[in-house]
Amino acid sequence: MTQAEREQENGKEKEREKEKEKDQRGVKRPIAPPVIPEPLQEQIQSNFIVVIHPGSRTLRIGRATDTLPTAVPHVIARRHKQTGQPQYEDPWLVREGLNNPESNEQRQNGLKMVDQAIWSKKMSNGVRRTPVSAEQARSYNRQIRPVVLDSSSRGKWTITAQHPEHLVGEEALYVNPADCYDVHWPIRRGQLNVHGGPGASLTAVLADLEAIWSQVIQKQLEIPLKDLKYYRCILLVPDIYNRQHIKELVNMLLLNMGFSAIIVHQESVCATFGSGLSSACVVDVGDQKTSLCCVEDGVSHRNSRLCLAYGGSDVTRCFFWLLQRAGFPYRECQLSNRMDCIQLQQLKENFCHLDQDISGLQDHEFRTRFPESPALLYQVRLGDEKLQAPMALFYPTMFGIVGQKMTSLQHRSQGDPEDPHDEQYLLGTQSKQDQSSKASAERKSLPKPPGFEGELSGQDPSERGGSAHGQDVELGHSQNDCLMGGAEMEEPPSALLFRKTAMTQFEGKALGLDKAILHSIDCCASDETKRKMYSSILVVGGGLLFHRAQEFLQHRILNKMPPSFRRVVESVEVITRPKDMDPRLISWKGGAVLACLDTTQEMWIHQREWQRFGVRMLRERAAFVW
């Protein structure tokens, strides 16, 4: 075909196209939607994810790629703004409810129950233990005088010559009481330490947390605060959480500190990730609270959650009481002194155990090395005190706490003006059938009326007393109201009143650790789930780090579990050191594991999303029912 013919052919094609366009001008065609490119799944580097596990006594924080987290005392010392300002220090081992007239009687009753339990269980050789009275050790201990090892302990107070605005961690712990600083522990019993005292408003507590976390991130993790916009954060929160407090913490991390994104997850679920278990009844014995929850395939069963308002520091205080009964030779020791609290904590960790085979009197020695004081060596003779103190976790009347709220359960959200489609809205719009079935399920999970267990019904009436206002604040405002079922409007007033009374009396009880585990498992929906939980009881946290604690707890659970389950559960297994890991680090490790999971991608709440939608993002993205 010649060049001329080609051009002629092209011209005819163009004319045909023009005619088609003229014909179609009157025809309406749909507008094609713009092509939206699929968002690329960005590859998140784990070394740019910071995992934060805030505890009552210790903050654990680190990059998700770190083998171990950085652990610092979760305390801050703030310089006085004016000269002559009265000094304030949050108590460490002292708490409300100890100076009640009935406290001492309650302690004595608890000690009798502990001594009875010690005597009733035989040693491994089949022989019953010979009880050792405190009088036998007292006569020896009263004669003891300390030996001076060195005229100087070489310990030093924190240097405050530059008058820093605040000190955190170890520096705050060792600030001289004579210096003009107030000492605050911003978290108490797993919740923000909001109370009526100085520096304890919600704003002040959040400012303390921001100061502590920022300094640790800068100094220990060596991340400049201006670079946090390149980092993401995983925050571990208690199983029974205060929604308002969590909202404020997320606000602080994303908007104030400037992290680019955050995931909020529960400590118990992270503990199962860290231990490599798919299902477990997680028992987290911390310094000031003990939380229990049954976790199945990464989901925390809401009805099985319990929080007991005692922990390792209560055992330390109880041990000090027992030491005093035995004529403790360090007679200047006081619970109000910060250095003495550290000393008592060390004595508990070194001496206490749950080994029934260790009996009789033993001689021990310990050293005191306080700043600006001589180093002293003390001898001390102890008997059953070392076993009695940790057993108070199973007989909490021995703590002598009267008139305080001792048990918390998960309560319904009271609503948030920023979240219109919250739980209240969902309950109001779901069908009547769904409401009635949900209400009946919740009635089954409610605690039984007083006297539902033999030992509980025989408890001192003071244990069942209502909660004090101060403790309510400490455990979170949203927990002060009773759990309401979906169909509460249809219940007769008498039934509703009974449920409220049962709940209030249950929350006033001081449940022993073994009974709390049984209650938590019993709240699971099916027998199959209960069997799973009995065969996998995971103990984490630092409050039960005693020799032979695993065997002791296992024996108690086996003896108290319902006979119907004793026949069908193949084995009750208590796990205290999964993969031979330190139980205090397991939840943090689980947070680091969470950072590496593919399913985590859809859980991130980004800074811009939080600015736009606020707390609604927690309902949308949290891996638990908000």
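The following legends describe close-up views of a predicted model of one protein chain.

**Figure 1. Overview of the protein chain.** The predicted model contains 22 helices and 21 strands. Of the 626 residues in the protein chain, 53% are buried. When contacts between residues at least 6 apart in sequence are considered, 75% of them join residues at least 24 apart.

**Figure 2. The buried side of helix 3.** Helix 3 spans residues 134-141, and its buried residues are Ala-134, Ala-137, Arg-138 and Asn-141. These residues lie on the same side of helix 3 because they cover an arc of only 110 degrees around the axis. In an α-helix there are 3.6 residues a turn, so residues three or four places apart point the same way.

**Figure 3. Thr-316 within helix 8.** Leaving aside residues up to four places away in sequence, Thr-316 touches Leu-93, Leu-344, Gln-345 and Lys-348.

**Figure 4. Packing of helix 2 against helix 8.** Helix 2 (residues 103-120) packs with helix 8 at an angle of about 85 degrees, and their axes are 13 Å apart. The two helices are therefore roughly perpendicular to each other, as angles of 65 to 115 degrees are classed in this way. Helix 2 contributes Asn-104, Arg-107, Gln-108 and Leu-111 to the contact, while helix 8 contributes Trp-321, Leu-322 and Arg-325. By residue class, the contact of helix 2 with helix 8 comprises three nonpolar, two polar and two charged residues.

**Figure 5. The crossing of helix 16 and helix 18.** The axes of helix 16 (residues 513-522) and helix 18 (residues 549-560) come within 10 Å and cross at roughly 55 degrees. Helix 16 and helix 18 are therefore oblique to each other, and their crossing is right-handed. On the side of helix 16, the contact is made by Asp-514, Lys-515, Ile-517 and Leu-518; on the side of helix 18, by Leu-553, Arg-556, Ile-557 and Lys-560. The residues of this contact divide into four nonpolar and four charged, with no polar residue.

Figure 6. Helix 20 (residues 586-596) is largely enclosed by the rest of the structure, because eight of its 11 residues are buried. The buried residues are Ile-586, Ser-587, Trp-588, Gly-590, Gly-591, Ala-592, Leu-594 and Ala-595. Their cover includes strand 1 (49-54), strand 2 (58-63), strand 10 (232-237), strand 11 (261-266) and strand 19 (537-540), as well as helix 7 (267-275).

**Figure 7. The surroundings of Gln-607.** Gln-607 is found in helix 21, which covers residues 607-613. This residue is partly exposed, with a relative accessible area of 25%. Gln-607 touches Leu-254, Leu-255, Gly-258, Phe-259 and Ser-260, when residues up to four places away in sequence are not counted. The C-alpha atoms of Gln-607 and Ile-262 are separated by 8.1 Å, although the two residues are 345 residues apart along the chain.

Terms used:
Residues numbered from 1 in each chain as written. Predicted model: local features only at pLDDT ≥ 70, side-chain atom pairs only at ≥ 80, totals over all residues. Heavy atoms only, no water. Buried < 20%, exposed > 50% of the residue type's maximum accessible area, 1.4 Å probe, protein only. Helix = DSSP H or I, 4+ residues; strand = E, 2+ residues; numbered from the N terminus. Arc of directions from axis to C-beta. Axes fitted to C-alpha atoms, helices over the stretch in contact; angles between N-to-C directions. Parallel < 35°, antiparallel > 145°, perpendicular 65-115°, else oblique. Left-handed = near helix turned anticlockwise from the far one by under 90°. Contact = heavy atoms within 4.5 Å. Nonpolar A, V, L, I, M, F, W, Y, C, P; charged D, E, K, R; others polar.
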